[in-house]
Amino acid sequence: AKFMSHAFLENKAAQVVVVDTFGTGGDAGKHGAVKIVDRGGDGKEENLRFGSVVPLPPGKYGLALDGGSLPSKVEVPMQTVESSKHVVMRVGMDAGGNKNVVSYPQELVVFPQVATAVQESAASRSGELASAAVAVLLAVAFMATF
């Protein structure tokens with residue numbers, strides 16, 4: 001597994017860093033990429049190389065492992081918004097026939113899942129607005145009693 005550090009820049013475009021932490025006892029982790037599909041637009045497909053940083057416009061995307069000797073058909077969703085920062089990481093371990101090493105299936109991990117964060121933020125704002133509205137109504141009712 002190879003890992004390089006990265007510092008995100010302040011930028012209006014969403015930034016996606018693609019990291020490969022897949023461990024291997026052979027050459028299974030040396031090739032491949034992450035296939036990204038635009039699920040909110042034209043359906044365009046692209047391959048993102050491991051160890052790269054990619055700017056993306058806001059939108060909904062599907063990610064899957066592509067190429068190499070261990071491709072995956074499992075798609076992981078990712079939603080970007082303006083200035084969001086994401087890590088797409090391949091994890092797992094291929095023992096490569098070594099009986100002293102435990103194998104773990106390769107998977108993609110996407111952090112954060114912005115869609116959830118956006119929904120929670122909107123719900124939080126709704127709750128704050130409701131609390132503010134109740135406070136105003138209580139203040140008006142209190143003032144009306146005098």
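Me: Which strands form the open sheet, and in what order?
Reply: In this predicted model, four strands make up an open sheet, ordered β4-β3-β6-β7, with antiparallel pairing.

Me: Which strands are at the edges?
Reply: β4 (45-48) and β7 are the edge strands, each pairing on one side only.

Me: And how are neighbouring strands turned against each other?
Reply: On average by 30° between neighbours in this sheet, direction ignored.

Me: How many bridges join β3 to β6?
Reply: Six, and the two strands run antiparallel. As for individual residues, Asp38 stands opposite Tyr61 in β6.

Me: Step back a bit. How many helices and strands are there in the chain?
Reply: One helix and nine strands. Along the sequence the pattern reads β-β-β-β-β-β-β-β-β-α.

Me: What about β1, how many bridges join it to β5?
Reply: Five bridges, and β1 and β5 run antiparallel. Within that pair, Val17 has Val53 in β5 as its bridge partner.

Me: Now the core. Which residues touch the most other members of the largest nonpolar core?
Reply: Val34, Ile36, Leu56, Leu63, Met78, Val88 and Leu108, out of 16 residues in that core.

Me: Which strands each supply at least two residues of it?
Reply: β1 (14-20), β3 (33-38), β5 (52-56), β6 (59-66), β7 and β9 (104-111). The largest share is from β6, with three residues. In soluble globular proteins, nonpolar side chains tend to be buried together.

Me: Take Met78. What is it in contact with, leaving aside neighbours within four places in sequence?
Reply: Met78 is in contact with Val16, Ile36, Leu56, Gly59, Lys60, Tyr61, Leu63, His86, Val88, Val110 and Gln113.

Me: Where is His86 placed?
Reply: In strand β8 (residues 85-94).

Me: Is His86 buried or exposed, and why?
Reply: His86 counts as buried because its relative accessibility is 0%, and the cut-off for buried is under 20%.

Me: What does the His86 side chain reach?
Reply: The backbone oxygen of Pro112, at 3.4 Å. The His86 side chain also has a polar contact of 2.8 Å with the side chain of Ser84.

Me: Over the whole chain, what percentage of residues is buried?
Reply: Buried residues account for 27% of the 146 residues.

Me: And of the contacts between residues at least 6 apart, how many join residues at least 24 apart?
Reply: 57% of those contacts in the chain do.

Me: Last topic, confidence. What does the chain average?
Reply: The average pLDDT is 75, and 65% of the residues score at least 70.

Me: Where is confidence lowest, and where highest?
Reply: Lowest in helix α1 (residues 114-144), with a mean of 47, and highest in strand β7 (residues 76-80), at 93.

Me: Which stretch has pLDDT below 50, and how many contacts does it have beyond near neighbours in sequence?
Reply: One of them is residues 122-127, with pLDDT below 50 and zero contacts in the model beyond near neighbours in sequence. Residues 132-146 also have pLDDT below 50, and that stretch likewise has zero contacts beyond near neighbours.

Notes. Residues numbered from 1 in each chain as written. Predicted model: local features only at pLDDT ≥ 70, side-chain atom pairs only at ≥ 80, totals over all residues. Heavy atoms only, no water. pLDDT = per-residue confidence, 0-100. Contact = heavy atoms within 4.5 Å. Core = buried A, V, L, I, M, F, W, Y, C linked by side-chain atoms within 4.5 Å. Buried < 20%, exposed > 50% of the residue type's maximum accessible area, 1.4 Å probe, protein only. Polar contact = N/O pair within 3.5 Å; in protein donor to acceptor, adjacent residues only side chain to side chain. Pairing = 2+ DSSP bridges. Axes fitted to C-alpha atoms, helices over the stretch in contact; angles between N-to-C directions.
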